[in-house]
Amino acid sequence: MRRRRTWTMLLAPVLAAAPAIAQAPLQRSIDQYNLRAWNLVDGAPPDIWAIAQSPDGFLWLGTSAGLYRFDGITFEPVVPSVGRFPARNITALLADLDGSLWIGHFEGQVSHLQGRRVRSFGTPNAIVEQFARGPDNRIWAAMTGLEGGLFRIDSRGIARIGTDRGMPAGPAFSVVADGAGAIWVATERDIRVLRPNAARFVAVSRSLGRSRLAVAPDGQVWASADPADAARARAAGLRIAPLPPGLAPPAADRMRFTRDGILWRSLFAGGVLQTRGVDGAGTPAYARLTTKQGLPSLVAVPLLEDRESNLWVGTNLGLFRLRPVSGATALRVDNETLGGFDLAVTSDGTVYGANPHNLYRARPGGPLQWLRRFEQPINMIEADGADLVVGLENQLLRLHEGRFSALPVPPPPGPAASWARDAAGQWISVANVGVFHLADGRWQPMEATDQPPTRMYTSSGAGGGTWFYGRDRLYRRDAGRLHVIGGDRIGVIALVSEGPAGTLVGGELGLARLEQGRLRAIPDVRVPEFGGITGIVQARDGTVWINGVRGLVRTNKASLDAAFADPRTPLQHRLFTAADGLPGVAQQVTRKTTAVRGGDGRIWLADNVGIGWIDPARVVRNQLPPPVTILRLTAGDSSYTAPRDVALPAGTSNLRIAYTALSLAESERVRFRYRLIGVDRAWIDAGTAREAYYANLGPGSWRFQVIAANNDGVWNERGASVIVTIAPHFYQTWWFRLLAIGAGAGALWLLYAWRLREQIARSRARAEAQLAERERIARELHDTLLQSMQGLMLRFQAAAYATEPGSKAQTLIDSALDRADDVMMEARDRVMALRRITGPGDPQPLIEELARYLEEEGLILTVTRDGPPLRFQPEELEQILAIVQEALANVRRHADTLVAQVRVDSRDGRLRIEIDDQGRGIPPDIVAAGERPGHYGLKGMRERAAALGGSLEVRRGTPIGTVVTLTVAR
């Protein structure tokens, strides 16, 4: 086969029949980076000549169009609010420790930007090439051009370093400070160093006119010079960067080491050169980054590694980022490589990959390399111990110790989709034909099931001959018969995997596990990442890798156990996608696993656009919480940049707050939460939105807080905040509100006083009317009714005298006269009561007047009092007096005694009146019944007591008499 040599990514030698192959991950190759470009159409500025990152996380770009700030989403031009830049074209940047920025211009001036204030130094006729910060925090500047040279900047200004300090006249192309504090300078003719405590620069190596310098992670200084001078330079403490064949020194326009020790160089010849193993004992590995990998332009100049280990490249047509990722693409579909990939791993840990005509192999720890091309299409590959079985259109081959030979079996009945060997022999699945078992020297079709034979498959490799599946049904072969496995359905089944996490079944609609003879599923509607599963790897430590249509899922046995046990338990997992370096998503419509584990622990995947791998021991996780910044606050027509405490005028009600988080790895996946304390009860999940809006705010002080999480879910819980104070209108001030409350309270009090006077007047008028009516009724009773009754009684008395003494008629008339006397007495009592109650007051005076009247009738009555007087309304006094009068009337009628006592008690704020006689006592049956049949005295007394809101108790005295107690709450 004809072979040709080319670069791996344009430099590494590979075979013509194979595409670009990723190398082993000692140091990351370009294939182990996510490559992303921002072109001019994306808003990137042109001619990016310098890049720096400030402590707050912003990326600063020095361009021919001025200074820009980049947060991973938006390119923002920076214009100072105090001062101005002396020139637009910027060629060098250095972020200082205090957050300020040193800016070098194409015309030779140096500017210092602190916040939005800028001041400048120097004069034109030079080009600022590079800045360096010395151990004393002084800034050094290398300049080229007519007035170029080495300069030092401090609080007194900018000063040229001249021949008195060992610096020759002429341009300086590069300056760096090494780990020991020495200052290194590349001039037009040589490379010089000012060592600590030395007074002069001394030459240590030859320069090639435009040599560049870089400092390795160990503090060692490297130069882009002639490799022929390497020995002399090394003796002086300087290392010369190696070059691949075909590149002439100095080659590099800029040089930069990343933290992993990889050397990156932007080339005069175009593109970026990566050098791995630059300080190793072996031959360095080179890879070149060009427009074929997405670089916006071959004119690349500045290089910068940010705080998250991303490498940034500036070009004249945009910005480029290389983000370290966990995965790598080993084989990708291109013009020479067709899709449709297959994987197998032999017992020695060797991984084999295949596409329709080519076979590849990766030894443990090694790259995937092309092995052989077949004229017939490769339908499948499968391991048989340390050997490999290759299925072609009409035969099965074995690869044993590097040699291919035909398997001693009859030709298969069709292209084999899977192959397996168990104790019963060999098994193959033929797509759209069925499953066959090698017996008696020929391929025997599997016995009939409830599925058409054309739908049946058996597992390839381990499990083959035991597990069978037809569309969405799983079968187990036991004692020569197939038994269907019931339980949950997961769509079309692709594979069965047995391992520490159990017997797992991958299907189109989820993942299932065999539990107690039945399948229990986690459907993709519950875990969307479990859709289209075609690959499962179970590691010995319980880690489970699941390859599906959403990407590669990493989980573990404990998480699966919890998720299978309780459908409400979320599955703990992590998803890896093409953004993590994988070549697409899992291949679909396959009956073999698309994931295998190599002998070195790497997980290999057959995806829809290539073969890739991920090393579980080198998974990239961004542990840095993103710095959060509030960019601006807009209220009405006013905008405040980088606000902290903002005072807004009265009448402000609407706010728009723009914020960002400086995670540059995957800025589009940064998530935010915010809240306005006093308005939002809980955090608002803003997703990836970078603005918050509030409307209808009132006056007061509000605190806005925002927090963010990076692409791997690491939250910056502190975040950023701004206090917004909205001034009130005069009618929104506290004193106006207090005055309004006072005025309102005064108005209410006046209204209440007026209403009270009205009520009192009405009550007084009503009481006066009632009293007048009482007087009228009393007069009418006295002047008419009582006199008429008296006249009637005189007539009856005359009639009694006219009857025969002792006769029945006289007896009846005498009885009627006695009853009439009682009525007359009661009527006089009522009249007296009506006249006695003249207004509100205490009932005791009325009771005492009643006692004096009754004493005239022969009743000996004593009235006593404990407690202060109480105030009752006339209608209440009438009820109280009526009860007392009725009780005393009962004494006269029924007690057979003329002695009684009335005790009035108001010590506890209640009115308690007790009427006690020394008579024969009320019969027990009346006490029990509560009234005398046919009489209504006691019943009326209780009704009056109830009307007062009080109670009435009637009981026999001890040892004699009757006690009536009236209790009225006040």
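Trainee: What should I know about the numbering and the model before we start?
Mentor: Residues are numbered from 1 along each chain as its sequence is written, and side-chain values use heavy atoms, with hydrogens and water left out. In this predicted model, local features need pLDDT of at least 70 and side-chain atom pairs count only at pLDDT 80 or more, while totals for chains, interfaces and linings use all residues.

Trainee: What makes the span of helix H5 close to the expected one?
Mentor: Helices (H or I, at least four residues) and strands (E, at least two) are DSSP runs, numbered from the N terminus. H5 covers residues 844–856, which is 13 residues. The expected span is 1.5 Å times one less than the number of residues.

Trainee: Which residues of H5 are buried?
Mentor: Buried means under 20% relative accessible area, exposed over 50%, and partly exposed in between (1.4 Å probe, protein chains only). In H5, Gln844, Leu846, Ile847, Leu850, Ala851, Tyr853 and Leu854 are buried. An α-helix has 3.6 residues a turn, so residues three or four places apart point the same way. Just after H5, Gly858 has a positive phi of about 105°.

Trainee: Why are H6 and H8 called roughly antiparallel?
Mentor: Axes are lines fitted to C-alpha atoms, for helices over the stretch in contact, and angles run from 0 to 180 degrees between N-to-C directions. Angles under 35 degrees count as roughly parallel, over 145 as roughly antiparallel, 65 to 115 as roughly perpendicular and the rest as oblique. H6 (residues 874–894) and H8 (residues 937–947) cross at roughly 155°, with axes that come within 9 Å. The pair is therefore roughly antiparallel.

Trainee: Which residues of H6 and H8 meet?
Mentor: Contact means heavy atoms within 4.5 Å. On H6 the residues are Gln879, Ala882, Ile883, Glu886, Ala887 and Asn890, and on H8 they are Gly937, Met941, Arg944 and Ala945.

Trainee: How do you know that S46 and S47 are paired?
Mentor: Two strands pair if DSSP finds at least two bridges between them. S46 (residues 502–507) and S47 (residues 510–515) have four bridges, in the antiparallel sense.

Trainee: Which peptide bonds are cis?
Mentor: Among them are the bond from Pro249 to Pro250, with omega near 5°, and the bond from Thr958 to Pro959, with omega near 0°. Pro250 is in the loop between S20 (238–240) and S21, and Pro959 is in the loop between S68 (951–956) and S69 (962–968).

Trainee: What makes S21 and S24 edge strands?
Mentor: The open sheet runs S21-S22-S23-S24 with antiparallel pairing, and S21 (252–257) and S24 (285–289) each pair on one side only.
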